[in-house]
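The sequence and model are shown first.

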Amino acid sequence: EIVGEFLEDIPQQIAALRGYLEVGDATGAERQAHTIKGAAATVGGERLRDVAFEMEQAGKAGDLSAAAGHLAELDTQFDRLKQAMTNEL
């Protein structure tokens, strides 16, 4: 049940993070990355957590270009985690 909720929720969370980056909201991006980081840690997605942490730190520093530079890796790590989780179901 937790896995299903995670897999349903994270794409929305990533989309929200993209939105904050697009409008230049560093604080929103930081908070959103923090949310993704926590969710990933809860389900054991360490690589996804690590990328979200990097994005959170970039947002905290106000470096939106650095945060945005991690988006592709965030997507990749989510896809890998999703694949691993769905293989387990």
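## Q77 and its surroundings

The side chains of Q77 and E73 form a polar contact at 2.6 Å (a pair of N or O atoms within 3.5 Å, where within protein one must be able to donate a hydrogen and the other to accept it, and residues adjacent in sequence count only if both atoms are side-chain atoms). Q77 belongs to helix α5, residues 71-88 (helices are DSSP runs of H or I, at least four residues, numbered from the N terminus).

With a relative accessible area of 6%, Q77 is buried (under 20% relative accessible area, 1.4 Å probe, protein chains only). Apart from neighbours within four places in sequence, Q77 is in contact with R47, L48 and V51 (heavy atoms within 4.5 Å).

## Basis of the model

The model is predicted: local features need pLDDT of at least 70, side-chain atom pairs count only at pLDDT 80 or more, and totals for chains, interfaces and linings use all residues. Residues are numbered from 1 along each chain as its sequence is written, and side-chain values use heavy atoms, leaving out hydrogens and water.

## K37 in helix α2

K37 lies in α2, residues 26-42, and counts as buried because its relative accessibility is 16%. Its side chain makes a polar contact of 2.8 Å with that of E56. Beyond neighbours within four places in sequence, K37 is in contact with R49, A52, F53 and E56.

## The nonpolar core

The largest nonpolar core has 21 residues (buried Ala, Val, Leu, Ile, Met, Phe, Trp, Tyr and Cys joined through side-chain atoms within 4.5 Å). Helices α1 (2-23), α2, α3 (46-60) and α5 each supply at least two of its residues.

Note on methods:
Buried < 20%, exposed > 50% of the residue type's maximum accessible area, 1.4 Å probe, protein only.
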